[in-house]
Amino acid sequence: MNTRITLATAGRVLTQLRHDHRTIALLLVVPCVLLALLSWIFDDQPAVFDRIGPLLLAIFPLVVMFIVTSVAMLRERTSGTLERLLAMPLNKLDLLLGYALAFGVLAVLQSGIASAVSLWLLDLDIAGSTGWLLVTALLAALLGTALGLLASAFAQTEFQAVQFMPAFVLPQLLLCGLFVPRDAMQSVLAAISDVLPLSYAVDAMAEVAGNPGLTGAAGRDFAVLAAFIVGALALGAATLRRRTA
Amino acid sequence: MPAAIDIDGLTVHRGGNLVLDAVSCQVAAGSVTGLLGPSGSGKSTLIRSVVGVQRIISGTVTVLGQPAGSKPLRSRVGYVTQAPSVYADLSVRENLRYFAAVVGAAAGEVDRVISAVGLTDKTGALVARLSGGQRTRVSLAAALLGTPQVLVLDEPTVGLDPVLRRDLWEMFHGLANAGTTLLVSSHVMDEADRCTALLLLREGRVLAADSPAAIRRRTGTDDLESAFLALIDAEQVGSR
């Protein structure tokens with residue numbers, strides 16, 4: 001691993017985004033608009049918004065970073081820049097961590113704005129601390145990035161990469177406990193939910209939003225999320241082949 | 001001259017087809033070796049094998065005494081892919097700054113390579129807004145960073161205007177005089193005369209490997225296009 005290359009890669013990815021004002025605006029504004037919409041829908045049931053609002057603060061970064069990363073990495077593969085980089089003195093991990101770092105920065109910005117809007121403008125009421133809320137959102141974003149890097153290996157076109165969102169993310173969304181609490185699900189569904197990474201991001205968010213300090217359950221969820229992130233990055237590294245057919 | 005690149009019995013399949021058939025050839029250190037052949041003859045595959053990004057079936061490729069693609073070679077071999085492999089959504093300077101950081105080149109290198117490919121007036125422009133030829137030059141500039149000992153260029157002059165092509169060939173010879181070894185592929189025969197040595201490739205096999213003058217002498221022709229045809233005819237007669 002080489003810190004100089006990792007940092008240069010993160011800087012390069014952020015510079016690419018900086019040139020794309022519309023994407024930046026969409027990344028930062030859309031979550032706020034959706035949260036505002038949600039709070040409006042549950043205008044007369046503030047307790048429901050207080051339960052679902054924080055969960056969305058974990059779901060948005062994961063979903064958004066998954067799509068953005070999988071498309072960005074696919075471009076890297078199809079444009080020949082990946083081949084060029086792999087012929088240069090670059091470690092695969094430098095590239096993956098560079099991406100993770102860049103999208104992590106973006107996720108903190110995105111979650112920071114969305115949390116600020118939720119807490120101060122939309123009167124979201126949580127018992128937990130904003131700091132842990134942001135940590136959870138960051139972990140969810142890193143998980144989305146790691147899964148997106150991995151998914152890009154299985155897409156040949158950008159059309160396919162975008163379709164991975166409904167294919168891999170929507171089932172997780174249905175089973176993560178947002179619609180039906182995970183412990184109230186049928187045993188088969190609960191078992192599937194237990195192996196899906198988004199479930200742990202949502203569980204962790206429910207824990208940190210509902211409790212003033214860091215609970216043991218939240219700590220366990222963080223550990224599971226970290227394991228998923230490391231596992232997805234390792235698998236992603238394995239899909240980056242220096243020699244291709 | 002010792003060989004900077006030594007290829008021995010290289011066989012490559014792509015998508016079920018035999019693309020390189022037991023190719024053996026050498027590229028002399030400090031030469032500007034042209035890899036010529038029609039489209040589909042295996043030029044890009046040979047180049048990818050030299051850089052070490054091609055999966056090969058059998059044979060060996062040795063560059064500067066090391067197996068192609070091995071770690072110590074990655075900062076000593078510059079590679080330009082056929083399609084310009086740079087980031088369209090970054091400016092010329094931003095692209096080169098990034099690649100300079102990856103190869104560990106000094107900060108001043110970025111300006112040097114930009115002026116070497118004649119893009120000084122486009123440094124701040126987004127690559128997406130450049131013409132095809134300008135993008136090719138950004139891609140070439142990235143390969144020049146850090147002054148690699150071996151430069152492997154896949155059709156670097158396609159679509160460039162004649163003046164620029166001449167300038168680039170002059171630059172290639174300047175680099176070779178300074179000790180760099182260049183392997184340059186092209187499907188345009190009139191570029192063959194600009195090389196100090198030629199590898200003529202056809203249907204995955206080496207048809208001839210010699211200097212342009214020697215190839216002309218051997219085939220009794222004046223231009224390399226006719227020489228190439230004479231070699232193909234001779235081979236077909238020989239195999240009958």
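In this predicted model, the axes of helix α5 (residues 92-121) of chain A and helix α10 (residues 216-239) of chain A come within 10 Å and cross at roughly 130 degrees. Axes here are lines fitted to C-alpha atoms, for helices over the stretch in contact, and angles run from 0 to 180 degrees between N-to-C directions. Helices (H or I, at least four residues) and strands (E, at least two) are DSSP runs, numbered from the N terminus. At that angle, α5(A) and α10(A) are therefore oblique to each other; angles under 35 degrees count as roughly parallel, over 145 as roughly antiparallel, 65 to 115 as roughly perpendicular and the rest as oblique. Their crossing is right-handed. A crossing gets that name if the near helix is turned clockwise from the far one by less than a right angle, and is left-handed if anticlockwise.

As for who touches whom, A:K92, A:L93 and A:L96 in α5(A) meet A:L233, A:G236 and A:A237 in α10(A). Two residues are in contact if their C-beta atoms, placed from the backbone, lie within 7 Å. Sorted by class, this contact has 4 nonpolar, 1 polar and 1 charged residues. Ala, Val, Leu, Ile, Met, Phe, Trp, Tyr, Cys and Pro count as nonpolar, Asp, Glu, Lys and Arg as charged, and the others, Gly among them, as polar.

A second pair in chain A is α3 (residues 46-78) and α6 (residues 130-151), whose axes come within 7 Å and cross at roughly 30 degrees. These two helices are therefore roughly parallel to each other. Here too the crossing is right-handed, and the contact has 19 nonpolar, 6 polar and no charged residues.

Zooming out, chain A is made of 10 helices and 0 strands. With its 245 residues, a compact globule would have a radius of gyration near 18 Å, and chain A agrees with 18 Å. That radius is taken over C-alpha atoms, and the globule rule is 2.2 Å times the number of residues to the power 0.38. The C-alpha atoms of chain A fill a box of roughly 60 × 40 × 35 Å along the principal axes.

For its 240 residues the globule rule gives a radius near 18 Å, and chain B has 18 Å, which agrees. Its C-alpha box is roughly 60 × 35 × 35 Å along the principal axes.

Within chain B, an open sheet of 4 strands runs in the order β2-β1-β4-β5, with antiparallel pairing. Strands β2 (17-28) and β5 (66-67) of chain B stand at the edges with a single partner strand each, so one side of each is left without a neighbour in the sheet. Two strands pair if DSSP finds at least two bridges between them. Strands β1 (residues 3-14) and β4 (residues 58-63) of chain B pair over 5 bridges in the antiparallel sense, and B:I5 has B:V63 in β4(B) as its bridge partner. Helix α1 (residues 43-51) of chain B lies across β1, β2 and β4 of chain B, at about 120 degrees to β1(B).

Finally, the two chains meet: 23 residues of chain A are in contact with 24 residues of chain B. On the chain A side, α1 (3-18) and α4 (81-86) are the elements that give two or more residues, and α1(A) gives the most, with 6 residues. By class, that side has 9 nonpolar, 7 polar and 7 charged residues.

Residues are numbered from 1 along each chain as its sequence is written, and chains are lettered from A and ligands numbered from 1 in the order in which they are written. As this is a predicted model, local features need pLDDT of at least 70 and side-chain atom pairs count only at pLDDT 80 or more, while totals for chains, interfaces and linings use all residues.
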